[in-house]
Amino acid sequence: MTLPTPGAATSPRARWRRLVASDLWHDFTRSPLPMLAAAIALLCLGGALFAPWLAPHDPFDLARLDLADSHLPPAWLADGRATYVLGTDDQGRDILSALLYGARISLTVGLCSVGLSVLMGVTAGLLAGFLGGVVDALLMRLCDVMLSFPPILVALFIDGVGRLLFPQARDLLAFAVLILALTLTDWVRYARMVRAATLVERHKEYVQAARLVGVSTWRLLRRHVLPNVLGPVLVLATIQVGQAIVTEATLSFLGVGVPPTNPSLGTLIRVGNDFLYAGEWWITLFPGIALVLIAMSVNLLGDWLRDALNPRLR
Amino acid sequence: MTGPLLEVRDLCVEFPTRHGALRALDGVSFDIAPGEILGIVGESGAGKSLAGAAIVGLLEPPGRVCGGRILFDGQRIDDLPPAAMRRLRGKQIGAIFQDPLTALDPLYSIGHQLVETLRTHLPLDAAQARERAIELLRRAGLPAAEARLGQYPHEFSGGMRQRVVIALALAGEPRLIIADEPTTALDVAVQAQVIQLLRGLTQESGASVMLITHDMGVIAETCDRVAVMYAGRVVEVGPVEAVIHHPAHPYTAALMASVPTLADAGGRLAQIEGALPRPDEIPAGCAFHPRCPKASQRCGQERPELALVLRTRAACWWPMVEGPAA
Amino acid sequence: MSARDAADGAGRADAGTAWVEARGLGRTFTLDTPWTDRLLRRTGARQVHAVDDVSFTIARGRTLALVGESGCGKSTLARLMVGLDVPTRGSAWLAGADVRATLGGAPDAARAMRRRMQMIFQDPFASLNPRWRIGDIVAEPLLEQGLILPAQAAERVAALLAAVGLRGADVRRFPHQFSGGQRQRISIARAISTRPEFLVCDEPTSSLDVSVQAQVLNLMVDLQRERALTCLFISHNLVVVRYVADDVGVMYLGRLVELAPKPEIFHAPRHPYTRMLLAAVPDPRARERPRAPVIGEMPDPLAPPAGCAFHPRCPHANARCRDERPALLPSGAVQVACHAVEEGRL
């Protein structure tokens, strides 16, 4: 809740003007690497978001697939065709389109799992740090337990359980399982980080001043403590998106991730792997490059964000 | 030994920012004679710590010296390469900082740190250095010095830690000590002890001291001369007794008047209107003129230089020449 | 209890009721020792008596200053008086009601109690939420306690800022854009927003420059007079206290060693520690120097000396001082906890 002040501009234009005038923007526009990383990330995001409109073909429309078009190399090679810019795979799917749709899935899984992790982790960290005592001990022991499981193992486990319980809804469940697995293993680092920051903030005098006035614990946490502990979390989350995408790719590669009918980048890499030795390198290489680009650009952005935000967070 | 030990002439320090370079120190000049204790007094943001840092060569980048000269014993030291500066530091110029907790490495025992410092600057073997360390601690007023050699900084109280830091600073037998707010983090009662120690030890060794502080009381009882800083400039400099009791600059007078003491009636404290200017908003002409009751038009246009007024040198167009301030 | 009646007497110059009262307040902190230590080395649970049996009263409209060095428990005491902490013994009273009991009881009574108390903290950097605009910071107590509608907030905040010497246009700025002195003013604006009757000031000027300190102290004295506030002013600086206090209490290692009206403390200090504190005060304009040397340092609060806590540093200590803890007893208009004073040796 911010007080309206007479004369203060809150219109989007004024806000944009303030952003452009800020130190953060100034730093950003003078660092070539973060700008490049941001451009690539935006490109990937845009491509993934607008996949249905950008993709020249729909790779999942089984009716349109033509086996005759399969195994075509990229357009600039001898046997390539202009309509299939990056070539096709063994079923006649256009690689570029599959890539765009695949990126979509990868990014969705990445962002969802990180979003849920942050939600879980921050809540747990706030409660543990602020309330202390039994709550703190329980939550931290839970964290310790979670940390002993690698995500792949958790995914396999949940996948197995899911298959057992819901044998028919496997495809639908695959997404849920994947996101759940990634979330469950990732929330711990946010919880720890937020708990440490909360422990520091809770003794600060502005918290005492709010308690004195009668602010309830819940509102204290939400409105006073949370804004001050969120900074490092945002930075870590950005980097974790890249990590989650790679983990998802690994899981899909192992066959435990998204179903093959809706391939993510990882699935595409796995499928293409089989054809690598047949000389059809494009099926696995282009998804691989896309994966690397996304992960790297997000990582670089996260790195820069951490450095840029740090002194201003103090 | 003739001539001053330390000469600072027109020192300028600036911090480049995206809005242009900020002048944090603007034409600061003062001298320290051998064996003299010079106080540098001013409020937060006046630039006194920066002056000390610049002299010792410990300015934090992006801050840099952009003008003026610093001469130590007749030699220029502001343009020395880092290796030469490091040799000078500790051996010829010692430093005492404000927070004794961070000045000492918490992972090493006191004895280790003392011996290491001693052996770096003096040709001593381990046993001799140890003896010296015990002697230094004893002179610093720490009881049971020998037993304390093996203790760690966290086992000492604030006052004792500061004594150890003083002992460390004196270990290399420097000729000049820069003490940056050595008593600010200490209780009033302990402050008196530490100040006495500093004064005693430096008189013994004949070292000069540049004592940076915002506490006029400490200045009054320790220093021989004092320089008053405001907004990165020296506004008055002179013998301590003259500056405190017969200040010529209106800022000095106002500062003295706002210090709470036991002597006056205890009614209302005299206050200076306005606030210290930010480094990017320093007024033209005399930096103090917006807050000065005697300001004239000239004060807003021309910046005054230090000029002799009675017994002190003050940078003011209308110095107070008659009688003591309130 | 005679000590309490005597406390009543010394806490007021006129016959006002005890508006604010501390009755035998005690706060003990237990440090965590690992159970392995406790088992193997038989070290008991270590305790720090941060506040140890402190009693005083403040009449309505008067200011009591509590002075002591760091570690003497004055900040802990401040928090106990406003209910931010729970005493392990004794109680704090405001307007005839037990603070802690009321705050933990019926919501209406608790809200009424909260409205009467406010506090100003020491650290101007940590006492304002760095993520909030100062307009919101100052308005929070008013809105939280339902004293105004959100629509009225802007106007009230502007008035409060003006009362402490800040501009209305500052409302949208963040704390880091202000200097230390200005931040303390914002804290003061926040504290007086709910028109409290009891204000606790925990070293409000300790981190400020001398000239800024003068401004803030003057402001506080003016406000207190205008709004007839009852104040508890905590400080480590005896001299600053002279400008704001009516009565002064001196604390050492969690205990109250002297409690007297201001003129008595400064002209005729009784307790040896008070005398030592006064002698250690630096006065730039005093012609005679150096200051009287101070003996020793504050002992470790985990291992306070037996008997009188001050006896290892006291030039007048005798055998009784080593064994028996002195009680706060009246000596004229003053209360002192000292055997030497009681025995007439001082």
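Me: How do β1(B) and strand β4 of chain B pair, and over how many bridges?
Reply: In this predicted model, β1(B) pairs with β4 (residues 64–72) of chain B in the antiparallel sense, over 7 bridges. Helices (H or I, at least four residues) and strands (E, at least two) are DSSP runs, numbered from the N terminus, and two strands pair if DSSP finds at least two bridges between them.

Me: Which residue is the bridge partner of L6(B) in β4(B)?
Reply: F72(B) is the bridge partner of L6(B).

Me: What order do the strands of that open sheet come in?
Reply: The order is β2-β1-β4-β5 in chain B, 4 strands with antiparallel pairing. β2 (20–32) and β5 (75–76) stand at the edges with a single partner strand each, so one side of each has no neighbour in the sheet.

Me: Which helix lies across β1, β2 and β4 of chain B?
Reply: That's α1 (residues 48–56) of chain B, running at about 105° to β1(B). Axes are lines fitted to C-alpha atoms, for helices over the stretch in contact, and angles run from 0 to 180 degrees between N-to-C directions. Two residues are in contact if their C-beta atoms, placed from the backbone, lie within 7 Å.

Me: Why does D10(B) count as exposed?
Reply: Because D10(B) has 12 C-beta neighbours inside 10 Å. A residue is buried if 20 or more other C-beta atoms lie within 10 Å of its own, exposed if 12 or fewer, and partly exposed in between, with C-beta atoms placed from the backbone.

Me: New topic: how many residues of chain C are in contact with chain B?
Reply: 33 residues of chain C are in contact with 36 residues of chain B. α9(C) gives the most to chain C's side, with 6 residues. By class, that side has 17 nonpolar, 8 polar and 8 charged residues. Ala, Val, Leu, Ile, Met, Phe, Trp, Tyr, Cys and Pro count as nonpolar, Asp, Glu, Lys and Arg as charged, and the others, Gly among them, as polar.

Me: How do the numbering and the pLDDT limits work?
Reply: Residues are numbered from 1 along each chain as its sequence is written, while chains are lettered from A and ligands numbered from 1 in the order in which they are written. Local features need pLDDT of at least 70 and side-chain atom pairs count only at pLDDT 80 or more, but totals for chains, interfaces and linings use all residues.
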